Structure formats: C-alpha cells, structure tokens
Amino acid sequence: MAASFPDSVNENDIGKAKFIGELLVPVAPFDQKAGRETWTVAFAPNGSYFAWSQGHRIVRLIPWAKCLKNFSIGHNGEATNASSPRRLSRQNSNGGQEIQPADEPREHTIDCGDIVCGLAFGSSVPEKQSRCVNIEWHRFKFGQDQLLLATGLNNGRIKIWDVYTGKLLLNLMDHTELVRDLTFAPDGSLMLVSASRDKTLRVWDLKDDGNMVKVLRGHQNWVYCSAFSPDSSILCSVGAGKAVFLWNMDKLTLIRKLEGHHNDVVSCEFSPDGALLATASYDTRVIVWDHHKATILLELGHLFPPPSPIFAGGANDRWVRSVSFCPDGRHLASITDDRMVRFWSIEEKAPQAIGSLSNGLCCAFSAEGSVLATGTRGGSVLFWECPRSVASLQHMCRMSIRRLTTTQQVETLAIPTPLRDYLTYKII
C-alpha cells in the first residue's frame, strides 16, 4: 500500500502544525452550489491586508493586523509578528489630492461580477517609470501608498481595484477564457502578468493605464500559475503540461524550459533570494530547482513508493495543488489532495510539520512569514503557524549574496569548494 511518508520516517515523529484560526464564508442556501471555492489567497506586500476569493464572485479584504489579533501566536497569546500597515498620506489614483487613510484599514467585500479564479496585490513605486515612454498623459497617477488588487475572472476579464476605497479602476479585456492566476512584478513597476486557460500569458502595464505590452505564447494547454523572481527579471509559468517555462522579462522572450515533472505542473514560486525555484505537480512531487543551471536540487515526495513516470497521473489522491516559499528562505509549504498541509525545511527530505486540511486548494505565507493561509473548496481559509527556527548567520549571508548573483557568477568566485557548494545550495 502506498504511504504518505518514506519508510525511514515515522509519522509520529513529525511535528504537528499549529492551527491558529479560520475565516468562514457566510452560510446561505446557494453556498452549496459550485463556485464557492477559494481558488486564491493573498497578502498585501506591506502587511496591511489579507484577501481571499471566498466564492460566488466575492473577494473579501480584511486588515491583517485585525486578523492576527484573533490568533494565538507567540508568547502569552500575543500576536508578536503583526506588521503594522504603513499610514502614510497617499495620492488618489485619479490624480491630485492627498488623502489621509483612516487610522485602521477598513474591511471590504468586493463583488467582482463573476467567479474569481486569481488575485494579486500590487503596490507602486512612483519613481519606477512605465515602459511606455511615448505617452505623456495618463489617466492614473499612482501615489506612494497606492495599493491595488487585481482579480482574474471566470469570463476572462481582469478587474483592478483600489484596496483602500474598494473602487474599480480598470477593466482589462483581452483573454478569451478564464484567468487562472495573476502576479505583479515585485519592483513596484505595476507590471502585471495574467495566466489563462486560453494558453497564453499576457503582460500589462498598469502605469500605462493598463495597456497590454505583450502576449507570451508557448504553452500548449491551460496556464495555471506564474511567478516573478524577486528582482523581476525572470518569470516562471506552469500549466497543463510537464514543462516549466522561464521567461526573460526585460526582452519578453522564452529563456528555457525545465524538464523533470511527469504530470501537469500547477504551482510555482521563487525563493526570496531568487536562487531557488519550487514547482508543484500532479506527479505527487515538489521539485526545488536551480533555475540558472536547469538542475534539480531537491525532490519533496508526497507518495511512497513514488509513481512511475508512466503512471504519474494515477495517484490523484496525492496530487500537489500548491507550493509556497516562506520569506525566511528556509521553509516551504505544500497542499495536497491527501488532506494534509506539509511544512518542509530545505535541509530535509521529510516534512518538518504536518496538519490536517481537507479539500485544500491554495496557500500563501504572510509577508513576515509567521503564518500560512490555506484556501479550501468550501470557501473558507485556515491559518497555520509556520514552524519557528532561528536562521543561521551563514544562511542570512547566503541569501544576501544570492539576491545579487547567479549560480554561474558564484561558481567563478575564488573561494573554497565547500563554501561555493553552500552558496549554490548544492548542500541544502
């Protein structure tokens, strides 16, 4: 009989992930119908808001500090890691006047008009210029404390909202089918990438009033997920196919495809230093790549013995639905159809902690990394405390170096081999 853990691991020795809270959807008669799934959860980059698609066209935005107060995290039940949102004056997206936000961010519900399949927060850096240099007049002038929410809908539309006011700013119409995933470039340029069932990725420039910059073609089937590298130079995209696509986002061209999965790849995310890439697949594995060299550094299995490549679609009770990198760069989380959430350390091949999660679909770490949010088919969100450990000075130095250097650049350094192996994550 197939097992969830290798024979060398005793399930009773694995830590139990600490469940800390839940957000429930309102109970109504129509809630039992299809369309109530939480397909996506997201945290604002500045720690101010948490958003989830709670089904039936609705996105709920909750102030994260308010959420954290209800969770028992840290000593004496105090929320020790609540990052207080910035309370700067901000510019209205319509142009001129300064608005002072309320002392506390307000809770919103947004009716998007259709089932929400993807969402993402984006924040602006005013000095970051639009790629479109010929247009001097723009409808929107994004201020320093502007916070946007992009929602990808079942009908192929993308709607852009002002998080603080709940106002609809833009309605982007070009995809011909469901928009499954959205991701903003982390550099504050407000470049948005959408992934769709129409087999394309589309690149939008919100600083150019949402004009589409490029259609990225190459996927033969649905595109499920995309993710930017931390420096915004590379985009990873995955979908209904075994290949992992890497795109150069300066030239908007395909760099290469990573081959190693045996079934559809459904989720991807870069490590915070940009050195590693994690991909999750229906082949019951998460692969951690050195994407610079197209090599596999680590395989995290969810079924033992693993399915053979020929029958890699057969173990659908162990399909991996989602993977997320913790901001500490040392931990990952995965959601699988075997009713578990797993927390991993990049230094071990067995999970560090597990929790019971039925019908999980997606996961995301909070901006400071202390909490994992998991969305479910029932529309609710469950929160877990991330396993705590103090990062070594070595690891922190490695992350600092790898934020600025590729694997190839590290390999040219005149340093001892063990140190080079450590910096290139060969010994993780």
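Reply: Let's start at Ser-334, which touches Val-286, His-302, Val-320, Ser-322, Val-323, Met-340, Val-341, Arg-342 and Trp-344, leaving out residues up to four places away in sequence. Touching, or contact, means heavy atoms within 4.5 Å. Keep in mind that this is a predicted model, where local features need pLDDT of at least 70 and side-chain atom pairs count only at pLDDT 80 or more, while totals for chains, interfaces and linings use all residues. Residues are numbered from 1 along each chain as its sequence is written, and side-chain values use heavy atoms, with hydrogens and water left out.

Ser-334 belongs to strand S26, residues 331-336. Strands (E, at least two residues) and helices (H or I, at least four) are DSSP runs, numbered from the N terminus. Is Ser-334 buried or exposed? Its relative accessible area is 1%, so Ser-334 counts as buried. Here buried means under 20% relative accessible area, exposed means over 50%, and partly exposed is in between, using a 1.4 Å probe and protein chains only. The Ser-334 side chain also makes a polar contact with the side chain of His-302, at 2.8 Å. A polar contact is a pair of N or O atoms within 3.5 Å; within protein, one must be able to donate a hydrogen and the other to accept it, and residues adjacent in sequence count only if both atoms are side-chain atoms.

Among the residues that Ser-334 touches is Arg-342, and that arginine has a partner of its own. Arg-342 forms a salt bridge with Asp-338, with the closest N and O atoms 2.7 Å apart. A salt bridge is a side-chain nitrogen of Lys or Arg within 4 Å of a carboxyl oxygen of Asp or Glu. Arg-342 and Asp-338 are both buried. Arg-285 and Asp-283 make another such pair, at 2.8 Å between the closest N and O atoms, and both of these residues are buried too.

How many salt bridges does a search of the whole structure find? It finds 15. One of them joins Glu-411 to Lys-426, with the closest N and O atoms 3.8 Å apart. That pair links distant parts of the chain: Glu-411 sits in helix H3 (residues 407-411) and Lys-426 in the segment after helix H4 (417-423), 15 residues apart. Glu-411 is partly exposed, at 25% relative accessible area, while Lys-426 is exposed, at 51%. Elsewhere, Lys-18, Glu-385 and Arg-388 are linked in a salt-bridge network.

Now for the greasy parts. The largest nonpolar core has 19 residues, and those with the most contacts inside it are Cys-236, Val-238, Val-244, Leu-246, Cys-268, Phe-270 and Leu-277. Strands S17 (223-228), S18 (234-239), S19 (244-248), S21 (265-270) and S23 (285-290) each supply at least two residues of this core, and S21 gives the most, with four. A second, separate core of 18 residues includes Ile-20, Val-25, Val-371 and Phe-383. A nonpolar core is a set of buried Ala, Val, Leu, Ile, Met, Phe, Trp, Tyr and Cys residues joined through side-chain atoms within 4.5 Å.

Strand S4 (residues 49-53) is another place to look. Five of its five residues are buried, so S4 is largely enclosed by the rest of the structure. Both of its faces are covered, with Tyr-49, Ala-51 and Ser-53 buried on one side and Phe-50 and Trp-52 on the other.

Stepping back, the chain has four helices and 31 strands. Of its 428 residues, 57% count as buried.
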